[in-house]
Amino acid sequence: MENKWGCWALLKWGVRGACKSSASRNSAKTIPRTSLVYDAATETRYLNASNRELCPPNEAQLSSDNPDPPPTGNKSPCQLLQFTFQELKSATGNFRPDSILGEGGFGYVFKGWIEENGTAPAKPGSGITVAVKSLKPDGLQGHREWMAEVDFLGQLHHPNLVKLVGYCIEDDQRLLVYEFMTRGSLENHLFRRTIPLPWCNRIKIALGAAKGLAFLHGSPEPVIYRDFKASNILLDSEYNAKLSDFGLAKAGPQGDKTHVSTRVVGTYGYAAPEYVMTGHLTSKSDVYSFGVVLLEILTGRRSMDKKRPSGEQNLVAWARPYLADKRKLYQLVDPRLELNYSLKGVQKVSQLAYNCLSRDPKSRPTMDEVVKVLIPLQDLNDLVILSYHSRLSQQARRKKKSEGTQQHRNASSKSIRDSPLNTGKQRCR
Ligand SMILES: Nc1ncnc2c1ncn2[C@@H]1O[C@H](COP(=O)(O)OP(=O)(O)OP(=O)(O)O)[C@@H](O)[C@H]1O
Ligand SMILES: [Mg+2]
């Protein structure tokens, strides 16, 4: 029987080899790499599709168009499965529309099932549940990012990075197979669901995502993630956060170098201003993006929201004055949390976001420092609702004394006691 476990060296050789033949229509050989026309055409089309256009690439800043060689540390070479297109078609019930988990710039993501040992499709509900990302078969840029994903996620393993199970490369087809993340993306929970995400879950997610970034930055050959945003943070059944989408990841500066120069890609509203302006990329660009996501977690607002009034569309610009003024901090808190958040937690998270969003990259904390700040916030018990209740009962006791009745207490605390978040703390652990 054919060995389905792709060994790293073979995979890399095979993928790049296959890329040559199957992508020959778009081959970079036929269009000079340094051509701005080539870059503008492929880049703009792709970035528009994925809503990630930041600015026209500056030719002088362009480094190689190939994805960076993956770091050699943390290697675990022989763990990716190579699927056939037919296997994945069957695993997802012919890519049935009702198994679509989401859609991104690359294409649709489907839910599917595979047998436990190997690549054979399994009946829905049996074997292992996977998420199958199918790239629109329409271009070199998609292929390039597909390859970067296989390169990076094939080698980097950490509890806060999503697990890549395998891949499929067949003619024009490019697919990726991931572990299935039961609760979908943070973006869904913050902005689409009707039930608001409890405060303690928000902290848990921020911490998990921070650990993922700290791992990337701290490895012997650091990796800059470059696309940190709410839709790329996936959640398992217990709200453990895992980073997905390494298509834009980049090897960090080596030796004496302070930054890498590169084309500017990412997502509007999340990318660090100095990176957008100069193309100079450092791990502090990720820290800035982390600050933006932290603000989204705190406020329940999107980093960019065209539906809001003009002064409120850009989250960072809107929030900065509040972050800088302790007395105004509470106006930032997601109103859907009502009073179910920690007072001290909000102060610490706001301060952390403020530091991460510093205009001077050097003043931003490292992701290790961010993790250290977030860890103790998991244990804070000073929910505003608790002090509110104790104030209410004090008032009621006083009233009872004077009126001899406790009717008022029941009525006045009802709305908050009935809040869906009132038991949020218990749900977190
Ligand atoms: N491993 C997974 N498990 C469960 N759901 C997933 C998984 N991967 C992706 N999804 C779902 O599919 C959606 C689309 O993901 P995708 O990464 O393709 O696009 P995106 O992150 O929304 O946008 P972009 O293309 O700009 O990165 C996600 O928001 C998520 O809801
Ligand atoms: Mg994504």
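Metal site. I looked up the protein donors of the magnesium ion (ligand 2) and found Asn-232 (OD1) and Asp-245 (OD), 1.9 to 2.0 Å from the ion. Donors here are N, O and S atoms within 2.8 Å of the metal (3.2 Å for Na, K and Ca), and water is not among the atoms, so sites may look incomplete. I placed Asn-232 in the loop between β8 (223–224) and β9 (233–235) and Asp-245 in the loop between β10 (241–243) and β11 (250–251), so the pair ties together parts 13 residues apart in sequence. Helices (H or I, at least four residues) and strands (E, at least two) are DSSP runs, numbered from the N terminus. I noted Asn-232 as buried at 3% relative accessible area and Asp-245 as buried at 13%. Buried means under 20% relative accessible area, exposed over 50% and partly exposed in between (1.4 Å probe, protein chains only).

Basis. This is a predicted model, in which local features need pLDDT of at least 70 and side-chain atom pairs count only at pLDDT 80 or more, while totals for chains, interfaces and linings use all residues. Residues are numbered from 1 along each chain as its sequence is written, chains are lettered from A and ligands numbered from 1 in the order in which they are written, and side-chain values use heavy atoms, with hydrogens and water left out.

Annotated position. I checked UniProt, where an unreviewed entry lists Lys-133 under "binding site"; such annotations may be inferred rather than shown by experiment. Lys-133 sits in strand β5 (residues 128–134) and is buried at 10% relative accessibility. Leaving aside neighbours within four places in sequence, I found Lys-133 in contact (heavy atoms within 4.5 Å) with residues including Phe-106, Tyr-108, Arg-174 and Asp-245.

Salt bridges. I found ten in the structure, each a side-chain nitrogen of Lys or Arg within 4 Å of a carboxyl oxygen of Asp or Glu. Arg-96 pairs with Asp-98 at 2.8 Å between the closest N and O atoms; Arg-96 is partly exposed at 44% and Asp-98 exposed at 58%.

I then looked at Glu-187 and Arg-302, which meet at 3.0 Å, N to O. Glu-187 is in helix α5 (residues 186–192) and Arg-302 in the loop between α8 (283–299) and α9 (315–323), 115 residues apart. Glu-187, Arg-192 and Arg-302 are linked in a network of salt bridges.

Last, I noted Asp-334 with Arg-202 at 3.1 Å, N to O. Both Asp-334 and Arg-202 are buried.
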